[in-house]
Amino acid sequence: MPREILYYLVRRVNAFREVRYYCVTESGDPATTENAKIAMRWVTYDPARRFANHLGFWWTAVAVTFVGDEIGRAHV
C-alpha cells in the first residue's frame, strides 16, 4: 500500500471561488495551476506561509496529502 505524504502548497481562492495553486513551469517561469499535483511543494508550514504572504492577500498555505505514487505523474 502506497504511503501518504503531507506537503504544504500555496493556494489562491478568488472572489469567484476559483482555486489556483502556485507552480513553476519547466522554463522556470512562475505560473498558477488548478492541478495540485504540479504545484510547488514545501515540507513544512512556515516557509509556505511566508511565501504565500509574499504573493499577497488572496494567497495562503494549505496542507495537502498525496499518495506516494501520485507524485511526479502530472505535467504542466
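Visitor: Is R17 buried or exposed?

Guide: Exposure is read from relative accessible area: buried means under 20%, exposed over 50%, and partly exposed in between, with a 1.4 Å probe and protein chains only. R17 has a relative accessible area of 70%, so R17 is exposed. R17 also has a positive phi of about 65 degrees, although R17 is not a glycine.

Visitor: What should I know about the model before going on?

Guide: This is a predicted model, in which local features need pLDDT of at least 70 and side-chain atom pairs count only at pLDDT 80 or more, while totals for chains, interfaces and linings use all residues. Residues are numbered from 1 along each chain as its sequence is written, and side-chain values use heavy atoms, with hydrogens and water left out.

Visitor: What is the mean pLDDT of the chain?

Guide: pLDDT is the predictor's confidence in each residue, from 0 to 100. Where pLDDT is low, the predicted coordinates should not be read in detail. Here the chain has a mean of 88, and 88% of its residues reach 70 or more.

Visitor: How many aromatic pairs does the structure hold?

Guide: A pair of aromatic rings is described by the distance of the centres and the angle of the planes. Rings of Phe, Tyr and Trp (its six-membered ring) pair if their centres lie within 6.5 Å; planes under 30 degrees apart count as stacked, over 60 as edge-to-face and the rest as tilted. The structure holds six such pairs. In one of them, the rings of Y8 and Y45 have centres 5.8 Å apart and planes at 70 degrees, so this pair is edge-to-face. Y8 lies in strand β1 and Y45 in helix α1, so the pair ties together parts that are 37 residues apart in sequence. Y8 is buried, at 17% relative accessible area, whereas Y45 is partly exposed, at 38%.

Technical notes. Helices (H or I, at least four residues) and strands (E, at least two) are DSSP runs, numbered from the N terminus.
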